[in-house]
Amino acid sequence: KTLQPEELRDYLLKRPADGFVDAEGTVWIINRHHLVDLLYQRGHDQEIAVTIRKNYYGRELSQHEFFGRLLRKSALWPFGPEGGYISPVYLPRSPREFRDDPFRSLAWRVFEKLGLSYEQPYAQFFWAQVYRQFITTRELSEDSEAAIEDATFITRRMLAEGQDLPD
């Protein structure tokens, strides 16, 4: 559905991103990345609401210390689209720098199918890591419906066995 400008503004105001402000005043959002990316790709020059969880502006805090605090708060996912660790200094600074993670997109599709909440920061990224262990990139690109079925089965099985999302 295409939203009118007022509807889009209202939609975005009701769904603020969570963010942290570093010592230099840069706002780092920890969720809603794909909404921001979608807005960017569709040419919307729309600001989003951000709930600031902690403001470090003006404090004597290096970027390394700032990212360390985010890691300890489980507010940072330091893994790239291929699943490997990346240094926080290489995190995207804007939607122009976002890279697609097909396994994260797969997680979104499974969440939608199963009616799971994805408000938990980085839940889809966590599940993307799980799916990488069982589903090949080739399967995902050549038969996405089969990959969705496999990922749905994996998710149901893990949740039934009491393996839930990380805190």
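A polar contact here is a pair of N or O atoms within 3.5 Å; within protein, one must be able to donate a hydrogen and the other to accept it, and residues adjacent in sequence count only if both atoms are side-chain atoms. The model is predicted, so local features need pLDDT of at least 70 and side-chain atom pairs count only at pLDDT 80 or more, while totals for chains, interfaces and linings use all residues. Numbering runs from 1 along each chain as its sequence is written, and side-chain values use heavy atoms, with hydrogens and water left out.

Aspartate 101 sits in the loop between helix H3 (63-72) and H4, helices being DSSP runs of H or I with at least four residues, and strands runs of E with at least two, both numbered from the N terminus. A polar atom of the aspartate 101 side chain lies 2.9 Å from the backbone nitrogen of phenylalanine 103. Aspartate 101 is buried, at 6% relative accessible area (buried is under 20%, exposed over 50%, partly exposed in between; 1.4 Å probe, protein chains only).

Phe103 also turns up in the largest nonpolar core, which has 17 residues (buried Ala, Val, Leu, Ile, Met, Phe, Trp, Tyr and Cys joined through side-chain atoms within 4.5 Å). Helix H4 (102-114), helix H5 (123-132) and helix H7 (144-160) each give two or more residues to this core. Apart from it lies another core, of 14 residues, including Trp28 and Phe67.

As for leucine 106, its contacts (heavy atoms within 4.5 Å) beyond four places in sequence are Tyr131, Ile135, Leu140, Ala147, Ile148 and Ala151.
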